[in-house]
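I opened the model to look up a few strands, a loop and the charged pairs. My notes follow.

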Amino acid sequence: MEPHEIHPVLESRLHTAYGGLAREWLAAFPAMLARFREQWDVVSLEPQFAYIGFAWVAPCVLRDGTRAVLKLAPPDKEFANEGKGMGAVHPISWYHNYDGG
């Protein structure tokens, strides 16, 4: 598995916005990423997108060859409903098809 770390800017933003929740979420990130890679059948991840908002977002490829985007964010009211329109079964992770453009 490729190493995918949290960008320092994202880490700083999460600490500022979420305080203690950010520390817990960041500590759990490697296990969450592994769990969601398995859940969504992600076989490869590319580096996270250059835009740094309040979530870790990276292009990926699913087992069936579909290009997609995986997004992981701390659970809060802003992100809680975001994945529902994209077929997510968990409020802090989602993916959608991605054509690279």
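I took helices (H or I, at least four residues) and strands (E, at least two) as DSSP runs, numbered from the N terminus. This is a predicted model, so I kept in mind that local features need pLDDT of at least 70, side-chain atom pairs count only at pLDDT 80 or more, and totals for chains, interfaces and linings use all residues. Residues are numbered from 1 along each chain as its sequence is written, and side-chain values use heavy atoms, with hydrogens and water left out.

**Proline 75.** I found proline 75 in the loop between strand S3 (67-72) and helix H3 (77-80). I called residues buried under 20% relative accessible area, exposed over 50%, and partly exposed in between (1.4 Å probe, protein chains only). Proline 75 has 44% relative accessibility, so it counts as partly exposed. Its C-alpha lies 9.9 Å from that of alanine 22, 53 residues apart along the chain.

**Strands S2 and S3.** Two strands pair if DSSP finds at least two bridges between them. S2 (residues 56-62) and S3 run antiparallel, joined by six bridges. Alanine 58 stands opposite leucine 70 in S3. Four residues separate S2 and S3 in a hairpin, and glycine 65 in the turn has a positive phi of about 90 degrees. Five of the six residues of S3 are buried.

**Salt bridges.** I counted a side-chain nitrogen of Lys or Arg within 4 Å of a carboxyl oxygen of Asp or Glu. That gave two salt bridges. Arginine 67 and glutamate 46 meet at 2.9 Å, N to O. Arginine 67 lies in S3 and glutamate 46 in the loop between S1 and S2, so the pair ties together parts 21 residues apart in sequence. Aspartate 41 pairs with arginine 63, with the closest N and O atoms 3.8 Å apart. Arginine 63 counts as exposed because its relative accessibility is 59%.
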